[in-house]
Amino acid sequence: MDYVEQRVAQAASNPDPSTTALLTPLNLLLLSVLLYAAYTLLLRPTAPPVLPKEPPAILFRTFTPRTLLPYNGENGAPVYLAARGRVFDVTRGRNFYGPGGPYANFAGRDASRGLACGSFDEEMLTKDLDGPLDTLSDLGPGEMEALKGWEERFEEKYMVVGKLVAVGEEGDGN
Ligand code: HEM
């Protein structure tokens with residue numbers, strides 16, 4: 001038996017006391033905790049990330065004063081209003097425009113003239129829902145400025161969801 005074989009045989013019959021001293025129950029426990037942590041942190045397959053749900057697609061629609069009318073916030077309906085041909089979804093401002101709100105008169109309506117003149121009077125709103133749109137041609141520059149100011153505010157706060165046209169001018173028919 002050469003020297004190496006002698007050493008191997010010796011080691012097998014007489015394990016190194018320093019190795020056996022490491023195999024205490026506590027160390028085994030720590031080792032298993034370590035292995036488990038390594039497995040969970042590095043190796044365990046992770047669930048695919050859950051992507052946030054997409055908001056519902058906004059369709060740009062063509063409204064007439066009549067088809068805009070139902071969007072007045074009643075019975076949980078969205079609230080839309082129009083200003084110079086653009087329809088804004090003002091549902092976020094339900095407190096302003098929803099039923100019982102201070103500006104509920106504008107809900108589902110062409111609010112252009114009322115906003116321009118700072119008036120809630122009934123005659124500010126298009127009476128004939130199937131007639132021509134209000135051209136606002138009689139308004140002065142100050143009133144038009146006031147209206148544009150409101151539009152700028154709406155652009156910051158709300159989405160444009162469509163355009164307002166007179167009955168018969170729907171074009172592509174949607
Ligand atoms: C006594 C007069 C009025 C008072 C005290 C008043 C008060 C207010 C207040 C406190 C707000 C909320 C501002 C905010 O938190 O963003 C507001 C917003 C508004 N007001 Fe008036 N207001 C008056 C007259 C008018 C008039 C005459 C009009 C137009 C006809 C008008 C149209 C609006 C609109 C469109 C909003 C914006 C709501 C939004 O952000 O969607 N208000 N008003």
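Guide: Leu31 is found in helix H3 (residues 25-43), where helices are DSSP runs of H or I, at least four residues, numbered from the N terminus. This is a predicted model: local features need pLDDT of at least 70, side-chain atom pairs count only at pLDDT 80 or more, and totals for chains, interfaces and linings use all residues. Residues are numbered from 1 along each chain as its sequence is written, and side-chain values use heavy atoms, with hydrogens and water left out.

Visitor: What's the relative accessible area of Leu31?
Guide: Leu31 has 44%, so that counts as partly exposed, the range between buried (under 20%) and exposed (over 50%), with a 1.4 Å probe and protein chains only.

Visitor: Switching to the ligand: which residues come nearest?
Guide: Tyr97, Tyr103, Arg153, Lys157 and Tyr158, out of 13 residues around the ligand. Being near takes a heavy atom within 4 Å.

Visitor: And how far is a polar side-chain atom of Tyr158 from an oxygen atom of the ligand?
Guide: That distance is 2.4 Å for Tyr158. For Tyr97 a polar side-chain atom lies 2.6 Å from a ligand oxygen atom, and for Lys157 the value is 2.7 Å.

Visitor: Which helix gives the most to the shell?
Guide: H7, with three residues. Helix H5 (94-97), helix H6 (112-117) and helix H7 (141-157) each supply at least two residues of the shell around the ligand.

Methods:
A polar contact is a pair of N or O atoms within 3.5 Å; within protein, one must be able to donate a hydrogen and the other to accept it, and residues adjacent in sequence count only if both atoms are side-chain atoms.
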